[in-house]
Amino acid sequence: MWEFPRTRYADSNGSEASEETEIAVNIGGVKHILYGDVLNRYPETRLAELVNRATDSTQEDLCALCDDYDDLKREFYFDRDPEAFKCILELYYYGEIHMKRGICPMRFMREMDYWGIDAEYLDECCISSLNEVQNELAEIAEKVKTILDDLEDDARVTRGQKCQAFLWKLMEKPESSLAARVITVVSFAFILLSSVVMCVGTIPELQVEDAQGNLVEHPALESIETACIIWFTVEYILRFVSSSNQLRFVFSFMNIIDFLAIMPFYVVLILTHLGTAIMELANVQQAVQALRIMRIARIFKLARHSAGLQTLTFALKSSLKELGLLLMYMSLGIFLFSALGYTLEQSHPETMFTSIPQSFWWAIITMTTVGYGDIYPKTTLGRCNAAVSFLCGVIAIALPIHPIINNFVIVYSKQRVLETAAKHEIELMALRTKEEAQECLEAGRTASAGSSSVWDSAAVSASRSDTYIPLLGDPTNVSKGQPAHECKNN
């Protein structure tokens with residue numbers, strides 16, 4: 001038998017409290033002795049209502065508040081989690097509830113709802129844990145909804161909308177079909193090919209001379225470059241046309257990268273065909289070279305097809321605080337040690353530290369332990385300053401690295417868990433829908449239930465798994481123990 005320490009109170013006359021009502025409850029095989037004066041501190045809860053009805057209610061009324069009742073032992077039985085109930089009892093004795101480590105927060109919330117306790121009695125540390133789990137469930141629900149939207153076939157949409165949706169899946173969702181996967185692989189190959197061509201085209205041995213004697217890219221490489229640009233252009237146009245929100249599509253970060261990857265080619269093409277007179281201008285030639293350099297933006301297109309690069313981006317976004325600290329530490333060190341280096345090296349006749357801004361470069365390569373050797377101190381005090389600077393640089397870089405790596409591991413693990421949970425949820429919903437269809441067929445409630453698809457959109461959308469995602473339906477029925485599915489008569 002498990003029991004909290006009993007608290008006694010004295011009345012206004014100084015005499016001890018009268019014997020209060022006590023009840024025996026059995027929670028999942030663990031017996032508890034509870035006292036009426038303690039339970040009535042929160043009269044709106046199930047236990048308080050139970051102790052108040054224990055003396056003057058019939059057995060049928062008492063059984064409505066519990067799973068079973070033994071009249072001989074006067075013991076109430078509840079088929080609930082005994083570990084969670086120990087946390088529930090903390091409310092009556094301490095005024096707040098703490099979830100034990102290892103208890104699912106969503107399951108504990110259902111326990112609190114069953115016992116008639118509001119979530120406001122949870123301690124702040126437990127509320128933060130609950131909010132984190134709710135956010136994860138919301139993300140899983142969003143993924144599930146996305147999958148269901150891909151599976152459903154709405155008869156109300158027009159033929160043009162169907163074609164637009166089909167084209168969007170073909171260009172944006174490689175998991176939707178074999179053709180979409182092929183397009184993704186081809187796009188990935190073109191990105192790598194264009195990057196290789198850009199690098200190979202700078203090798204002097206593979207360049208040719210034009211009419212003015214200037215080295216330019218080989219015509220074969222230019223042809224490959226043109227083919228890659230044509231693919232990127234067609235891909236961008238198709239994705240733009242199939243987008244449901246084209247304004248949002250244009251200003252999306254990854255789509256801006258795609259636009260910057262193809263725009264320099266057409267600008268250079270236009271400037272080239274305007275005539276040799278305008279191309280002779282030095283400013284125009286510099287602009288053309290700058291636009292050619294912008295082709296390196298294509299490498300960022302790989303992030304669209306790489307889950308690892310996307311995870312790295314999310315991890316860096318979640319580590320902005322640590323990156324800011326790193327930048328602040330390095331900035332302070334660079335300013336301090338460059339100023340000291342300039343001051344200490346002024347006494348040497350062949351000093352390389354001509355100014356503090358020029359010393360910034362020395363401080364950067366020293367604190368990052370690169371050490372090119374183009375600038376170095378020549379005095380004893382200057383070398384001591386250099387030794388301290390690279391030691392401080394190692395410490396400044398090492399301190400924020402662990403939180404950044406930890407954030408990456410957390411984000412990567414979370415992405416894997418969300419993907420697995422979403423797929424598992426869909427499988428459970430499909431299995432539940434199939435079982436319901438078989439039950440309805442055996443009961444004779446629906447004549448056409450046997451020919452209905454397991455992935456019928458209405459049935460799948462209405463079904464729920466035992467893990468239950470709040471955003472996919474109403475949580476009240478599940479929390480009260482009501483069945484999540486029913487076979488309905490026509």
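Axes here are lines fitted to C-alpha atoms, for helices over the stretch in contact, and angles run from 0 to 180 degrees between N-to-C directions. Helices (H or I, at least four residues) and strands (E, at least two) are DSSP runs, numbered from the N terminus. The model is a predicted one, so to speak of local features takes a pLDDT of at least 70, side-chain atom pairs count only at pLDDT 80 or more, and totals for chains, interfaces and linings use all residues. Residues are numbered from 1 along each chain as its sequence is written, and side-chain values use heavy atoms, with hydrogens and water left out.

A look at confidence comes next. pLDDT is the predictor's confidence in each residue, from 0 to 100. The chain averages 77, and 78% of its residues score at least 70. Among the elements of the chain, helix α17 (residues 356–367) has the highest mean pLDDT, 92, while helix α20 (residues 475–479) has the lowest, 40. Two stretches call for some care. Residues 1–19 stay under 50, and residues 449–490 are also below 50. Where pLDDT is low, the predicted coordinates should not be read in detail.

Now for the sheet. Two strands pair if DSSP finds at least two bridges between them. Four strands make up an open sheet with mixed pairing, in the order β2-β1-β4-β3. At its edges sit β2 (30–35) and β3 (68–70), each pairing on one side only. On average, neighbouring strands of this sheet are turned by 25 degrees against each other, direction ignored.

Strand β1 (residues 22–27) pairs with β2 in the antiparallel sense over six bridges, and with strand β4 (residues 75–78) in the parallel sense over four. I27 has a bridge partner in each neighbour: V30 in β2 and F78 in β4. β3 and β4 form a hairpin with four residues between them, and R74 in the turn has a positive phi of about 50 degrees. Helix α4 (residues 82–94) lies across β1 and β2, running at about 10 degrees to β2.

Further along, helix α7 (residues 159–172) packs against helix α8 (residues 178–200) at an angle of about 45 degrees, with the axes 7 Å apart. The two are therefore oblique to each other, given that angles under 35 degrees count as roughly parallel, over 145 as roughly antiparallel, 65 to 115 as roughly perpendicular and the rest as oblique. The contact (heavy atoms within 4.5 Å) is made by K169, L170 and M171 of α7 and A179, A180 and I183 of α8.
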